[in-house]
Amino acid sequence: MHNGVSSFNHFIHELSVDSDTSSLEYSSAEEDDSGGMSTPPSPSSQTSLRSWASLPANYESHWTEWITFIVWWVLLPARILLWVPLYLIRLFGRRNSRMLPMSPGRYGHSSRPYFSKAIPGKEHDVPNRTTDRRRGVIEDLQLGIEIFIETIFDFFHKAAHLLLSPSETFGIVLSWFSSSNHSHSSKGDYGDVSDDEVVQTAILGDNDSSPTERTTTTTTTSLYNTDTRTCQDVITELGYPYEAIRVVTSDGYGLLLERIPRRDARKAVYLQHGVMDSSMGWVSNGVVGSPAFAAYDQGYDVFLGNFRGLVSRDHVNKNISSKDFWRYSINEHATEDIPAMIEKIHDIKTSELKLYQPTIEEVVKEEQPYKLCVVSHSLGGAAVLMYVITRRIEEKPHRFSRLILLSPAGFHDDSNVCFTFMEYTFLFLAPVLKRIVPAFYIPTKFFRMLLNKLARDFHNYPAVGGLVQTLMSYVVGGDSSNWVGVMGLPHYNMNDMPAISFCVAQHLAQIKHSGKFKMFDYGSSSANMEVYGSPEPLDLGEFYGLIDVPVDLVAGKKDKVIRPSMVRKHYIVMRDSGVDVSYNEFEYAHLDFTFSHREELLAYVMSRLLLVEPTQTQTVHKKGMKLKKKMETG
């Protein structure tokens, strides 16, 4: 009892004051150090204290003990049930935090997880990792439990306060009735207004003064705290220009061709990703370690290609079935996707180069006033080779000046047991599986969001991340790529992700089984005859002699997905066919070519690109052209 007021009343009063400012409790230690200033009580709370202080002491003590007894017993089971999982989560977190300081002394000064020894150079695997504030699944559970406990306590705090302040309770109930009557009168005056109705607004000063729709919905990204950045977001955040070009193939697929434009450049580079990847791979290491930014800084007009196969399913036929959409193999990547994007690049470059020199007439011996090189990875390399060969067979220009192929697919007979098992599964069960599983991807937004958050947990909890990294490495035959880091990249987000069709996987199984780089086998001689003009699909290795541009092959000594022996097989067949080809190896795993910061690889790729000189054009002014024509006619 202090100044006629019991300690329990002081406790209830403080709870009612602090209930609306509970967020300040987390910084109470700092406030105590600064002087321990407390918020003055509100007038209503002071009135409540005075009213209870005026009651007899025995009456107050009697009700205080009973209310305290009831509240304590009501809250006790909830506190026990909710405290146990929270304690276990925090205990798990403390154990991980005690493990982290061991890694610098053991593996050097890096603060990366302990399994990073097997993955050197991964400090730059994902841009802005240090500023990534996404929450993982474990963090979401912990936060949800804390919010639930705080909500329960806040409910009982306010309930106790209202029980002990009948005058305030009466005022709140009275305000409810008055607000309800006021809302009914407002509806009578202004009509029924739905909360979901779109409100038309116009902003003063806009060029277009017509009303626009104002939406008040919050973004899903902020709601679920996931990373849904696109390649455009990464490029523009780093201060580079960006352009998105929609390309439609002859069979109706919509492709996204992205660009870091340098419109007056006479040298361009086309970057093509591999399987289950997108253009994000070429910019994922930021300014310093990404091939796209390195090429742009060297004066190239950079184009980033994206194959068909996103979960969003962009097609001119909006009603296309899932079975029909995913019915494509590597053939379509090479004969539909790449030709559509390359021809779009050609149209853009020729028109822009004419536009940027309006006062000069160009006399160009070649049809193409620019040089276009290609850098591709994995499946992208196989598709590029197939594209060049088929265009040469059709006697059409492929428009490339040099091919730089990083661990290209095409030969796969030297692989591990896991890939062999998948090979026979796809070959013998294809008629059944094709009907059930037309493509491989994460089907719903919820599970894609879950993967995005789990990837964050793998980063936050080294023990879990190390286990996943080890399992993934065993699945792909011991490849030491940073699989956990790649899973956390934004192109595997809840809105969209790259997928692989069943026919692409079946095509790779056919290539592995035959030991030859062949086009897709449609399963019967008549079907193959209709497509290829022969009962068997084309063996592209037999047509390597048609490649008429220099080729640079790069292999990874630690690559267990496409082993160096398979890249050397490309080299041997090309060399024997008379192709101008070079071969080089680096101490890389399969994903290190795109998702890791590798200075020596960037230096090598740039050195090969610089071997191609820009198109040399003979330029004369318009007056000289007119004089020349006049002399020829005379």
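This is a predicted model: local features need pLDDT of at least 70, side-chain atom pairs count only at pLDDT 80 or more; totals for chains, interfaces and linings use all residues.
## Basis

Local features need pLDDT of at least 70, side-chain atom pairs count only at pLDDT 80 or more, and totals for chains, interfaces and linings use all residues. Residues are numbered from 1 along each chain as its sequence is written, and side-chain values use heavy atoms, leaving out hydrogens and water.

## Helix α15 against α20

Helix α15 spans residues 417-428 and helix α20 residues 502-514. Their axes (lines fitted to C-alpha atoms over the stretch in contact; angles run from 0 to 180 degrees between N-to-C directions) come within 9 Å and cross at roughly 115°. That makes α15 roughly perpendicular to α20 (65 to 115 degrees).

Contact means heavy atoms within 4.5 Å. From α15, Phe419, Thr420, Glu423, Tyr424, Phe426 and Leu427 take part. From α20 come Phe502, Ala505, Gln506, Ala509, Gln510, Lys512 and His513. By class, seven residues are nonpolar, four polar and two charged (Asp, Glu, Lys and Arg count as charged; Ala, Val, Leu, Ile, Met, Phe, Trp, Tyr, Cys and Pro as nonpolar; the others, Gly among them, as polar).

## Helix α13 against α20

Helix α13 (residues 330-355) packs on α20 at about 110°, with the axes 8 Å apart. The two are therefore roughly perpendicular. Ile330, Asn331 and His333 in α13 meet Val504, His507 and Leu508 in α20. This contact has three nonpolar, three polar and no charged residues.

## Gln368

Gln368 sits in the loop between β7 (360-363) and β8 (371-377). Its relative accessibility is 13%, so Gln368 counts as buried (under 20% relative accessible area, 1.4 Å probe, protein chains only). The Gln368 side chain reaches the backbone oxygen of Tyr370 at 3.1 Å and that of Arg399 at 3.2 Å.

Methods
Helices (H or I, at least four residues) and strands (E, at least two) are DSSP runs, numbered from the N terminus. Angles under 35 degrees count as roughly parallel, over 145 as roughly antiparallel, 65 to 115 as roughly perpendicular and the rest as oblique. Buried means under 20% relative accessible area, exposed over 50%, partly exposed in between (1.4 Å probe, protein chains only). A polar contact is a pair of N or O atoms within 3.5 Å; within protein, one must be able to donate a hydrogen and the other to accept it, and residues adjacent in sequence count only if both atoms are side-chain atoms.
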